[in-house]
Amino acid sequence: MSSLPMMPKATAVWLVDNTTLTFDQVAEFCGLHPLEVQAIADGEVAVGMAGHDPVANDQLTAEEIARCEKDPKAKLKLLESDMPMPTTRAKGARYTPVSKRQDKPDGIAWLLRTFPELSDAQIGKLLGTTKPTITAIRDRTHWNAPNIRPRDPVDLGLCARGELDEAVQKARRRATRRAKDAAREARKAGIEPEVQPADQILGSAHAAPEPAYAPAPEPEPVAPTGPAPTAANLFKTPERDPDAAPAEDGPDNPVLDPNLLFKPKPAAPEDKPDESDDKLAASEGETADADQPAEGHEKGNG
């Protein structure tokens with residue numbers, strides 16, 4: 001049975017207002033500090049709080065209060081009651097808002113992949129889920145398995161970082177203890193135990209979720225060969241042997257001389273009259289005169 005009255009601060013308010021008990025007596029009976037009881041009397045603490053009568057609730061008697069008022073060193077004694085004391089309710093599953101419940105499978109998948117040393121009970125306590133759901137996600141038999149993307153439950157708001165770190169440390173201590181027990185049993189049996197790496201026993205640290213796809217590796221840069229490209233190297237005309245005959249430009253010799261490319265074209269020569277053409281024109285004119293009759297002859301015949 002508890003040694004403190006129900007509603008200790010409200011009881012202290014009633015005793016300060018209705019009795020002449022000292023602050024030490026009220027503080028010891030209600031489990032408070034004497035300075036806090038003095039602040040209640042000064043109106044600095046529990047302002048507006050209704051007092052709780054311990055006499056009406058069978059926690060004190062009027063005779064007991066009168067006895068302690070006469071003797072400042074006396075202590076109030078709480079009456080024993082046959083009423084059952086209220087029992088503390090065990091904390092149930094963690095409440096998750098409806099808007100975040102659909103993210104639970106993603107958080108469970110992230111914990112199973114990043115911290116395999118966590119037990120199903122720890123994951124269920126962290127995220128407020130059940131063991132069958134955890135088993136279904138681990139075995140990929142969950143009804144929504146193709147759409148599950150592992151994501152950090154802390155970023156999703158399903159648990160706090162401190163709670164996750166505490167659970168991981170507890171799981172790693174348990175894994176280390178089990179590994180030592182197994183090694184001790186193996187030595188007793190005359191078998192040399194295999195030394196496991198620390199990362200296999202303790203698991204990996206906080207790791208970011210892997211991307212949904214693996215990016216293609218970037219091609220390695222190829223080191224250039226030969227001299228660095230400059231204007232002189234790019235526009236330099238290849239040297240030719242002066243004793244060799246000049247080669248004609250063509251498909252076998254694509255290199256062109258800039259002097260030939262930008263050489264102006266020669267002007268077209270003017271057409272000169274040909275003497276044969278003059279003779280031909282003169283002969284045609286004589287023939288035409290011979291064919292036409294004389295003007296006087298035509299008139300005489302008429």
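How many helices and how many strands does the secondary structure of the protein come to?

1. The secondary structure comes to 14 helices and zero strands, where helices (H or I, at least four residues) and strands (E, at least two) are DSSP runs numbered from the N terminus. Read along the sequence, the pattern is α-α-α-α-α-α-α-α-α-α-α-α-α-α.

2. On provenance, this is a predicted model, in which local features need pLDDT of at least 70 and side-chain atom pairs count only at pLDDT 80 or more, while totals for chains, interfaces and linings use all residues. Residues are numbered from 1 along each chain as its sequence is written, and side-chain values use heavy atoms, with hydrogens and water left out.

3. Of the 302 residues in the protein, 23% are buried (under 20% relative accessible area, with a 1.4 Å probe and protein chains only). The accessible surface, computed by the Shrake-Rupley method with a 1.4 Å probe, comes to about 23,500 Å², and carbon and sulfur atoms hold 55% of that area. Among contacts (heavy atoms within 4.5 Å) with a separation of 6 or more, 63% join residues 24 or more positions apart.

4. Helix H1 (residues 8-18) packs with helix H2 (residues 23-30) at an angle of about 155 degrees, their axes being 9 Å apart; axes are lines fitted to C-alpha atoms over the stretch in contact, and angles run from 0 to 180 degrees between N-to-C directions. H1 and H2 are therefore roughly antiparallel (over 145 degrees). Their crossing is right-handed, that is, the near helix is turned clockwise from the far one by less than a right angle. Pro8, Thr11, Ala12 and Leu15 of H1 meet Val26, Phe29 and Cys30 of H2, a set with six nonpolar, one polar and no charged residues (Ala, Val, Leu, Ile, Met, Phe, Trp, Tyr, Cys and Pro count as nonpolar, Asp, Glu, Lys and Arg as charged, and the others, Gly among them, as polar).

5. Helix H5 (residues 104-114) and helix H7 (residues 131-138) pack at about 65 degrees with their axes 10 Å apart, and are therefore roughly perpendicular (65 to 115 degrees). The crossing of H5 and H7 is right-handed. Pro105, Ile108, Ala109 and Leu112 of H5 make the contact with Thr133, Ile134, Ile137 and Arg138 of H7, which by class gives six nonpolar, one polar and one charged residues.

6. In helix H6 (residues 120-127), the buried residues are Gln122, Ile123, Gly124, Leu126 and Leu127, and their cover includes H5, H7, helix H8 (153-156) and helix H9 (161-188). Just after H6, glycine 128 takes a positive phi of about 70 degrees.

Note on methods
Angles under 35 degrees count as roughly parallel, over 145 as roughly antiparallel, 65 to 115 as roughly perpendicular and the rest as oblique. Buried means under 20% relative accessible area, exposed over 50%, partly exposed in between (1.4 Å probe, protein chains only).
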